[in-house]
Amino acid sequence: MRYKGKENIREYIMEMSNLVTRLKALKLELSEDILVHLVLISLPTQFSPFKISYNTQKEKWTLNELTAQCVQEEERLKQEKIESAHLASISQGFGTNKKRKRDNKGKQIAVSGTSKQKEQKKQDKDITCFFCKKAGHMKKTCTKYAAWREKKGTLLNFVCSEINLVVVPTDTWWIDTGATTHISVTMQGCLRSRMSTDCERYIYVGNGNKAAVKAIGFFRLQLDSGCTLDLEETFVVPSFRRNLIFVSCLDKFGYYCSFGNGMNFKAEVENQLSKKIKVVRSDRGGEYYGRYDGSGEQRPGPFAKYLMECGIVPQYTMPGTPSQNGVAERRNHTLKDMVRSMISHSTLPESLWGEAIKTAVYILNRVPSKAVAKTPYELWTSKKPSIRHLHVWGCPVEVRPYKPNEKKLDSRTVSCYFVGYSERSRGFKFYDPLTRSFFETGNAKFIEDVELSGREPLRSKHPDNGTGKFDQVITSFGFKENTVDQCIYLKFNGSKFIILVLYVDDILLASSDVGLLHETKQFLSSKFDMKDLGNASFVLGIQIHRDRSRGILGLSQKAYIDKVLSRFGMSNCAPGDTPVAKGDKFSLHQCPKNELEKKDMERFPYASAVGSLMYAQVCTRPDIAYIVGMLGRYLSNPSMDHWKKAKRVMRYLQRTKDYMLTYRRSSHLEIVGYSDSDFAGCLDSRRSTSGYIFMLAGGAVSWKSVKQTLIASSTMEAEFIACYEASNHGIWLRNFVTQL
């Protein structure tokens, strides 16, 4: 059985797999390695480079991996064939200006240039210019359009922006006030089209990158109301993920655009606060004031007209003077700083900056400022805001989404990331990197807040009592709060001492005297409904090993690692020597280039695997901090190479799952720190990676591996940046330990 190229490669491999299944029913079993070998030798000659590439690799492919790679190779071969045919058709057209056609008798006759000119003139009479609205010529040959373009500049930089680049249906269109032209991702709905000119070949997006324009066409959209919407001069850009409608262009062609958010906000102010909006101050941006027309003047747009209709006075800054709107500009600067910090301290892609900025606004509305003692939330609602529900943006979460058609054996939870708060309900907003979609629910377990083990430490059954009351009760018993970490309390009684660690509604007690320990337990039991579980053996999925005879304490995550390996089918995998191979490089060039490759990667739980490895790294495994940090940079668009690297880390954990952090009893506690850095290790941004680790009592107590926020110009500069970050953390650790 050989692949002849008639059906697609995926169907062929599935047919081969079905044959092996039938043979198995006849008690003729073939292993997966043999099946992979049979598929490879049955491929035609055009797959020869592909087979050579496979033979040079050390690791063997599974059938799923082979299928994914074959599909990619098939697409590449098809593209090469299309390009070759295109070059051949161009070369055949050179050297002749006449076209030939057949008459009714089958003979070939030449079509003269004169008859073609007559036909062209007839067609020109039916053409209307989109710019000056006169018949007889097109926009690209319009003299008025050329003069206007010369006045604006010879190069037209069409600018568009996208927020939250997630998968959306290709037949949906999004209203955009920031774009400068209509955008379509496909030719679907296009009635006529033309090729782009030299100055129209690219679209420039907000981050400075450019996207190729496939064509420019006329689109007719069928609205739910039964009406149609005609979009002239729509740019077809396949690399975009959503179709955009340029608001000001609709206004130019006579459409009325109403701004729902502005109208809704006005109605909410009047209804909730019984007040009127009198003045709106903004810059002269096109979305507020209006776009420039063909004459070079800035005409009032839909929003400006709406303000005039409502009797609201608009106040605009002078062109080029943003300082006149200083309050808004400073707030924007603060928001951008917060968003940069949030994204840099998470593993989420930069395309989620829209969700990050909404979360930053949510937080700022609940904290006071120097100008006003009360928070914006309190000024708006006359209620003090609660901050108990706040969580770290971008943290991994186990969520149970609402599924109306859920079956009994379907997975109940989804591994995703926290990206915001519900606007009109009590819940949270999450991002699923596998489906690249958002959803809201209140049924979630944040990894920073939950117990991952079967045993529990001393627990309060009434966590809603609040940390405020707990602080009052525990300090009345003689405990003092650690000013560096306010979840740690310390009490001295002569030479005896006891340390209390509070984590959400869990309490850990460590004391030098058993009597003082029991006395503290009795006091807590009298004030709270407590459950004493004895000596702590598991805390947050970390097993505690004690050898009091030798004064050794160990922290292990063997049970958690076994659970992770079982979850991803790696329980019986071959153990690996190292978490990362020497010379391994990571870059965006390895990521999928088209939707087919991205769709194929959705079969692999890459984000869940990296999230699970990340928790092990944070708790007890500094040896995988570097590679986990590198893998976390490609959560939004991983490739097969990244998935293989993640499995390599699991093989390494299979060999080292018995490793643990150990600490020895010592009368002299001294913190020793080390820092290091590579140089321009990130191939995409040329940024370096910093790393540091701090040791106490013979074991690691704090570590980090992170990409630097600055681009270093030398190895010395990269080392200084790493040393600076390590020094900051070292000062914090010193202050923390000195208060114990």
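Guide: C310 sits partly exposed, at 30% relative accessible area (buried is under 20%, exposed over 50% and partly exposed in between, using a 1.4 Å probe and protein chains only). Bear in mind that this is a predicted model, where local features need pLDDT of at least 70 and side-chain atom pairs 80 or more, while totals for chains, interfaces and linings use all residues. Numbering starts from 1 along each chain as its sequence is written, and side-chain values use heavy atoms, with hydrogens and water left out.

Now C395: this one counts as buried, with 8% relative accessibility. Its closest cysteine sulfur belongs to C416, 9.5 Å away, which is too far for a bond. Searching the whole structure turns up zero disulfides, meaning pairs of cysteine sulfur atoms within 2.5 Å.

On to the helices, which are DSSP runs of H or I with at least four residues, numbered from the N terminus. Helix α1 (residues 9-25) and helix α2 (residues 32-41) have axes that come within 11 Å and cross at roughly 135°; axes are lines fitted to C-alpha atoms over the stretch in contact, with angles from 0 to 180 degrees between N-to-C directions. The pair is therefore oblique, the class left over once under 35 degrees is roughly parallel, over 145 roughly antiparallel and 65 to 115 roughly perpendicular.

Lastly, α17 (residues 606-619) has 13 of its 14 residues buried, so the rest of the structure largely encloses it.

Key: Helices (H or I, at least four residues) and strands (E, at least two) are DSSP runs, numbered from the N terminus.
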